[in-house]
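Student: I would like a close look at one part of this protein, the sheet. Please begin with the whole chain and then work through the strands.

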Amino acid sequence: MCCSDVCNPPQVLTLAALMSIAHGGYAGYSGYPAGYAAAPAYAAAPAYVAPAYSAHASPDYPDSYPQYSFAYSVNDALTGDSKSQHESRDGDVVHGSYSLVEPDGNIRTVKYTADPINGFNAVVDRQPSVHYAAKAVAPIAYAAPAAYAAPAVAYAKAPVYDYGYSHY
């Protein structure tokens, strides 16, 4: 039996090429261009260890009983701005109120309380506006501007230039 009877030379070359590709690439190809080496191997990064924290309790303030009271009000006759607020706190209980003039002229008053048992509660009250007689404002007098005289301007005739061209 002859070699040519068992296998065909082109088939042998095809089989060799396929085995070379399956083994790791084209025959004679290392995966890197000529003149380049494989990347260097690095040591593994050290494992991260989280810092240990001690549990801190919130600070205990011996004088932490909150108490305050404040109030303010604004009454601007020029702009018509009128508002006020008052609030007081004794421990966890807050009482207060505020009022203001709404754009339509009505007065809105809000009275509120807040405590740990009932939460926040507010009562809103609207009162119709109170119209006051408008104050008569004297017109502002402005002085007339001083007389202004424009400066005298003398005009001269523009020069005529002849560049040597003939006129048609």
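Tutor: The accessible surface of the protein comes to about 15800 Å², and carbon and sulfur atoms hold 62% of that area; such areas come from the Shrake-Rupley method with a 1.4 Å probe, and for residues only the protein chains shown count as cover. The model is predicted, so local features need pLDDT of at least 70 and side-chain atom pairs count only at pLDDT 80 or more, while totals for chains, interfaces and linings use all residues. Residues are numbered from 1 along each chain as its sequence is written, and side-chain values use heavy atoms, with hydrogens and water left out.

Of the 168 residues in the protein, 6% are buried (buried is under 20% relative accessible area, exposed is over 50%, and partly exposed lies in between, with a 1.4 Å probe and protein chains only). The secondary structure consists of two helices and five strands, in the sequence pattern α-α-β-β-β-β-β. Helices (H or I, at least four residues) and strands (E, at least two) are DSSP runs, numbered from the N terminus.

The five strands make an open sheet in the order β1-β2-β3-β4-β5, with antiparallel pairing; two strands pair if DSSP finds at least two bridges between them. β1 (67-75) and β5 (119-127) each have a single partner strand and stand at the edges, so one side of each lacks a neighbour in the sheet. From one strand to the next, the twist averages 5°, taken between axes that are lines fitted to C-alpha atoms, with angles from 0 to 180 degrees between N-to-C directions.

Now the strands from β3 onward. Strand β3 (residues 93-101) pairs with β4 over eight antiparallel bridges, and Tyr 98 has Val 110 of β4 as its bridge partner. These two strands, β3 and β4, form a hairpin with five residues between them, and Gly 105 in the turn has a positive phi of about 95°. Strand β4 (residues 107-115) pairs in turn with β5 over nine antiparallel bridges, in a hairpin with three residues between β4 and β5. Val 110 is bridged to Val 124 in β5, and Lys 111 to Val 123 in β5.

Tyr 68, Phe 70 and Tyr 72 make a nonpolar surface patch of about 270 Å². In a regular strand, side chains alternate between the two faces of the sheet.

Note on methods. Patch = residues over 30% accessible without salt bridge, like charges linked within 9 Å, V, L, I, M, F, W, Y side chains within 5 Å. Salt bridge = Lys/Arg side-chain N within 4 Å of Asp/Glu carboxyl O.
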